[in-house]
Amino acid sequence: MNVGGTLLLAPRRSEHVACAAGGPVLSAGEITFSDGDVSEITNQSTGFCPEPESWPTVAAALDAIPVDRPDDFTTRVVFRLCPACNERNIVKDGWFVCDLCGADLPENWNFPVARRGT
Ligand SMILES: [Zn+2]
């Protein structure tokens with residue numbers, strides 16, 4: 001979803017950053033429609049690593065189109081950037097430790113706010 005609140009859609013195998021023309025975005029992830037309604041939606045985007053707290057902006061965009069939607073992301077993904085090795089991590093079960101180097105990960109989201117296009 002771009003900063004204007006427009007929902008940009010592309011086939012699942014495409015790249016999120018390309019879909020958003022490099023960003024910046026308010027949120028990003030995967031969406032599944034069933035019978036015309038949203039059946040699954042996630043913030044799973046390794047390109048943008050958005051916070052699950054970005055849901056209200058996504059909900060507002062979905063409410064502008066005639067579809068039923070869940071009350072939150074059906075899968076909430078917590079991303080952190082390792083301050084030691086710069087690896088992107090998915091935090092599971094509240095375990096804030098880098099999968100690659102074992103360094104502690106910060107409690108707060110720590111990715112660059114905006115990504116620049118080419
Ligand atoms: Zn690390």
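A: A residue counts as buried under 20% relative accessible area, as exposed over 50%, and as partly exposed in between. The model is predicted, and the description below should be read with that in mind.

The metal is a zinc ion, coordinated by the SG atoms of Cys-82, Cys-85, Cys-98 and Cys-101 at 2.3 Å. Angles of 104 to 116° are subtended by the four donor atoms, which makes the arrangement tetrahedral. For four tetrahedral donors the ideal angle is 109.5 degrees. Along the chain, the donors of the zinc ion follow the spacing C-x2-C-x12-C-x2-C. Cys-85 lies in the loop between β3 (78-81) and β4 (88-91), while Cys-101 is in the segment after β4, so this pair ties together parts that are 16 residues apart in sequence.

Cys-85 has a relative accessible area of 30%, so Cys-85 is partly exposed.

Phi of Asn-86 is positive, near 70°, and the residue is not a glycine. Most residues other than glycine have a negative phi. Asn-86 has a relative accessible area of 56%, so Asn-86 is exposed.

Now the wider setting. The domain assignment divides the protein into domain 1 (1-76) and domain 2 (79-110). The C-alpha centres of domain 1 and domain 2 are 23 Å apart.

Elsewhere in the chain, the largest pocket holds about 500 Å³ of space. Its lining has 26 residues, and Leu-9, His-16, Gly-29, Glu-30 and Ile-31 lie nearest the centre. The elements that give two or more residues to this lining are α1 (16-19), β1 (31-34) and β2 (37-41). By type, the lining residues of the largest pocket divide into 15 nonpolar, eight polar and three charged.

With a relative accessible area of 61%, Ala-21 is exposed. Pro-24 also has its place in the loop between α1 and β1, and the peptide bond from Gly-23 to Pro-24 is cis, with omega near 5°. Most peptide bonds are trans.

Terms used: Residues are numbered from 1 along each chain as its sequence is written. This is a predicted model: local features need pLDDT of at least 70, side-chain atom pairs count only at pLDDT 80 or more; totals for chains, interfaces and linings use all residues. Side-chain values use heavy atoms; hydrogens and water are left out. Donors are N, O and S atoms within 2.8 Å of the metal (3.2 Å for Na, K and Ca); water is not among the atoms, so sites may look incomplete. Four donors count as tetrahedral if all angles lie between 85 and 135 degrees; four count as square planar and six as octahedral if opposite donors are over 155 degrees apart and all others between 65 and 115; anything else is irregular. Helices (H or I, at least four residues) and strands (E, at least two) are DSSP runs, numbered from the N terminus. Buried means under 20% relative accessible area, exposed over 50%, partly exposed in between (1.4 Å probe, protein chains only). Domain bounds come from an automatic or database domain assignment. On a 1 Å grid over the protein atoms alone, a cavity is a set of points where a 1.4 Å probe fits but cannot get out, and a pocket is an open set with protein on both sides within 12 Å along at least five of seven lines; lining residues have an atom within 4 Å of a point. Grid points are joined across faces, edges and corners, and a volume is the space filled by probe spheres set on the points. Ala, Val, Leu, Ile, Met, Phe, Trp, Tyr, Cys and Pro count as nonpolar, Asp, Glu, Lys and Arg as charged, and the others, Gly among them, as polar.
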